[in-house]
Amino acid sequence: ASLAVLLMLYPLPRIPAPLTALMAATGLHHGLAWLGFSVGPEVGLAPSPKIILEGVEAGWRGLAAAPSVVLLLPAAATIALLATIETLAAATVLREQTGGRTDYSRDLRGVSAGLIMTPAVGGMPGSGLTVPSLFCWTAGGRGRAAQIWRAMVSLALLLGAGALLSMLPFAALAGILCGAVLRLVE
């Protein structure tokens with residue numbers, strides 16, 4: 001995690017910081033594991049759609065158990081805040097790079113709807129990310145078709161490289177997130 005934070009704060013020239021941090025921290029994790037050191041957990045394989053649907057149904061049935069929901073509220077609020085900040089940062093960077101106008105209210109409404117509805121159906125909340133958004137724009141991607149294409153490429157990577165994604169260590173991902181937050185604070 002520390003290596004990932006350092007590479008996020010002091011990126012190598014001309015290489016995206018999150019990619020460098022992810023590769024280096026993952027390599028270090030697996031190298032230490034190969035040498036016999038005790039390392040932290042990895043993401044693991046995603047559950048099948050059937051298991052996800054069963055989990056969602058069980059979650060809706062168990063929603064009456066308010067104490068467990070109350071314990072999750074601080075974590076949910078933190079994730080929502082981080083996603084909102086990242087989306088606004090992406091919108092600001094795109095506005096500055098393109099000279100276009102951004103409707104922050106519309107962006108916030110979209111993020112809010114996604115942050116509320118995605119977990120309700122068993123998904124992971126997300127946000128508009130600065131680097132992919134800027135990369136898509138500079139590559140000529142404009143409008144909804146570009147966003148749909150970007151989502152399809154992400155889905156294809158998930159389906160095609162799911163086994164590799166399952167080997168990502170949580171420490172590397174945590175380090176990247178901490179480094180991204182520290183860069184936002186800067």
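Predicted model: local features only at pLDDT ≥ 70, side-chain atom pairs only at ≥ 80, totals over all residues.
Trainee: What share of the residues of the protein chain count as buried?
Mentor: A residue counts as buried when its relative accessible area is under 20%. The accessible surface of the chain comes to about 12,900 Å², and 72% of that surface belongs to carbon and sulfur atoms. Of the 186 residues, the buried share is 18%.

Trainee: How many nonpolar, polar and charged residues are in the contact of α1 with α2?
Mentor: From α1 come Leu3, Ala4, Leu7 and Met8, while α2 brings Ala17, Pro18, Thr20, Ala21, Ala24, Ala25 and Leu28. Sorted by class, that contact has 10 nonpolar, 1 polar and no charged residues.

Trainee: Threonine 20 is in that list. Is threonine 20 buried or exposed?
Mentor: Threonine 20 lies in helix α2. Leaving aside neighbours within four places in sequence, threonine 20 is in contact with Leu7, Leu12 and Ile15. Its relative accessibility is 9%, so threonine 20 counts as buried.

Trainee: And how is α2 oriented to α9, roughly parallel or antiparallel?
Mentor: Helix α9 spans residues 170–185, and α2 packs with it at an angle of about 150°, the axes lying 9 Å apart. The crossing of the two is right-handed. Because of that angle, α2 and α9 are roughly antiparallel.

Trainee: How many nonpolar, polar and charged residues are in the contact of α2 with α9?
Mentor: On the α2 side are Ala17, Pro18, Ala21, Leu22, Ala25 and Thr26, and on the α9 side are Ala172, Leu173, Ile176 and Arg183. The classes come out as 8 nonpolar, 1 polar and 1 charged.

Trainee: What is the handedness of the crossing where α1 passes α9?
Mentor: These two helices pack at an angle of about 35°, with axes 7 Å apart. The crossing of α1 and α9 is right-handed.

Trainee: How many nonpolar, polar and charged residues are in the contact of α1 with α9?
Mentor: Ala4, Val5, Met8 and Leu9 of α1 meet Ala172, Gly175, Ile176, Cys178, Gly179, Ala180, Leu182 and Arg183 of α9. That contact divides into 9 nonpolar, 2 polar and 1 charged.

Trainee: Is histidine 29 buried or exposed?
Mentor: Histidine 29 is found in helix α2. Not counting residues up to four places away in sequence, histidine 29 touches Val39, Gly40, Glu42 and Pro169. With a relative accessible area of 7%, histidine 29 is buried.

Trainee: Which residue has a positive phi although it is not a glycine?
Mentor: Look in the loop between α1 and α2, where arginine 14 has its place. That residue is exposed, with a relative accessible area of 87%. The phi value is about 65°, and the residue is arginine 14.

Trainee: Last one: what distance separates the C-alpha atoms of leucine 81 and leucine 115?
Mentor: Leucine 81 is found in helix α4, residues 66–98. At 53% relative accessibility, leucine 81 counts as exposed. Leucine 115 is 34 residues away along the chain, and the C-alpha separation is 9.9 Å.

Key. Residues numbered from 1 in each chain as written. Heavy atoms only, no water. Buried < 20%, exposed > 50% of the residue type's maximum accessible area, 1.4 Å probe, protein only. Areas by Shrake-Rupley, 256 points an atom, 1.4 Å probe, with all protein chains shown as cover. Contact = heavy atoms within 4.5 Å. Helix = DSSP H or I, 4+ residues; strand = E, 2+ residues; numbered from the N terminus. Nonpolar A, V, L, I, M, F, W, Y, C, P; charged D, E, K, R; others polar. Axes fitted to C-alpha atoms, helices over the stretch in contact; angles between N-to-C directions. Parallel < 35°, antiparallel > 145°, perpendicular 65-115°, else oblique. Left-handed = near helix turned anticlockwise from the far one by under 90°.
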